[in-house]
Structure formats: structure tokens, C-alpha cells
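Work through the following exercises with the sequence and the model at hand. Each task is followed by a solution in steps.

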Amino acid sequence: MEILEGKHFSITDPKGVNTVIYQINKTKKEYLDKFPKYTVQRLDYTSEIRGDSTRKTYYVDEPEPDGNQLAIFSFGQEKVIINMGILLGDEVRITKRPAPFKFDTLYSEKSDEYREFNYTPNLKRAISIIDPETAEEVKPVLYFDEKTNEVKGKCKLKPYKSYFAFEIRES
């Protein structure tokens, strides 16, 4: 029987706000020549409705002794608030220094628009695409590119719809 050690923390979203949190992972040195320095992994959560607000409990399966870096996105009416944090011990601390984010809004009028990106050997990626209306991630289809000998992901975007895409870059 496998025993998982983990941490959890909770936040409360007011009405009209939907927060999602990603863990930022640093790529091992031996893979840096082929893969991005950072990858992102969306944290699983459970939610509980409390009046007009929603309390979400997020789970980190493998807490790092020196802390887990977090990217926190709060989607509201026509805007996204971005914060960085660190899970250190049993508390989340919001950082005060700016994060090296690259983010963009994706939009297309084509019916068959795809975005492609590479995965690391442990199947993590540097880029995430989110539907801002639902705060759900656009799930990529994985495939093996025989020409480059790499695992890649492909996301299909709906026409006439905006998406929020981000990636963590080296500062």
C-alpha cells in the first residue's frame, strides 16, 4: 500500500471569482538543454459552497522541504489577478516581488486552430491554456512526434472565444 505525504491549504473565493493554483516545478539540470527551465502543474482541489462564497482546499502531494512555488490566478469579470506564493510548512505566503510570467490572450476566428507545445520526460509542460469563463484548463491531446523524437501536446481552440495562456520564464 502506497502512502502519500502531502499538504493542503484553503482559500475562499467571493461570488463571481474563480481561483486556480499551479505548482511551479524546476526542471532537473540534466534536462535543461532540451526542455524549459520551469514547468507547471495544476493543483487538485475540493470545493465547498458557503453562502455566496466558495471555499476551496488545494492539495500538494509532495511538499518540498524548502517550499513549493505557486502561481495563483483569480478569474473574475473580464480580468485575471495573478499572484505568486510559496507553500512553506503549513502556510502559504504571497510573495511581494514580481514574477517572470509571460501571458497572453489567445483568440482565433478559424474553426480549426491548434496550439502545440513540448512536454518534459516526466510529462510536464511549461505552458497552460485556460478558459477564463470557467477557469478550466484546455486539455491537450498528447502525441509522439517521430521527427523530433519528443512528446508533444496539442490544444484545440474554439473559434470566436478568448483563452488565457501563461508560461513561467526565467527571470
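A salt bridge is a side-chain nitrogen of Lys or Arg within 4 Å of a carboxyl oxygen of Asp or Glu. The model is predicted, so local features need pLDDT of at least 70 and side-chain atom pairs count only at pLDDT 80 or more, while totals for chains, interfaces and linings use all residues. Residues are numbered from 1 along each chain as its sequence is written, and side-chain values use heavy atoms, with hydrogens and water left out.

**Exercise 1. Salt bridges**

Task: Find the salt-bridge partner of R50 and state whether R50 is buried or exposed, or in between.

Solution. Step 1: R50 pairs with E48, and their closest N and O atoms are 3.2 Å apart. Step 2: accessibility is classed as buried under 20% relative accessible area, exposed over 50%, and partly exposed in between (1.4 Å probe, protein chains only). Step 3: R50 has a relative accessible area of 43% and is therefore partly exposed; E48, with 40%, is partly exposed too.

Task: Describe the salt bridge between D13 and K56.

Solution. Step 1: the N to O distance is 3.3 Å. Step 2: D13 belongs to strand β1 and K56 to strand β5, 43 residues apart, so the pair links distant parts of the chain. Strands (E, at least two residues) and helices (H or I, at least four) are DSSP runs numbered from the N terminus. Step 3: D13 is buried because its relative accessibility is 2%, and K56 is buried because its value is 4%.

Task: Compare the accessibility of E137 and K139, which also form a salt bridge.

Solution. Step 1: the side chains meet at 3.7 Å, N to O. Step 2: E137 is buried at 12% relative accessibility, whereas K139 is exposed at 61%. Step 3: a separate network of salt bridges with shared partners joins D131, E133 and K161. The structure holds six salt bridges.

**Exercise 2. The largest core**

Task: Which residues of the largest nonpolar core touch the most other members?

Solution. Step 1: a nonpolar core is a set of buried Ala, Val, Leu, Ile, Met, Phe, Trp, Tyr and Cys residues joined through side-chain atoms within 4.5 Å. Step 2: among its 14 residues, V20, Y22, F73, F75, I130 and F166 touch the most other members. Step 3: two or more residues each come from β2 (18-26), β3 (38-42), β6 (68-76) and β15 (163-168). Step 4: β3 is largely enclosed by the rest of the structure, because four of its five residues are buried. Five bridges join β3 to β2 in the antiparallel sense, and I24 has V40 as its bridge partner in β3.

**Exercise 3. Positive phi**

Task: Where do A135 and Y160 lie, and is each buried or exposed?

Solution. Step 1: most residues other than glycine have a negative phi. Step 2: A135 has a phi near 65° and lies in the loop between β11 (127-131) and β12 (136-137); at 0% relative accessibility, A135 is buried. Step 3: Y160 has a phi of about 60° and lies in the loop between β14 (150-157) and β15; with a relative accessible area of 58%, Y160 is exposed.

Conventions: Two strands pair if DSSP finds at least two bridges between them.
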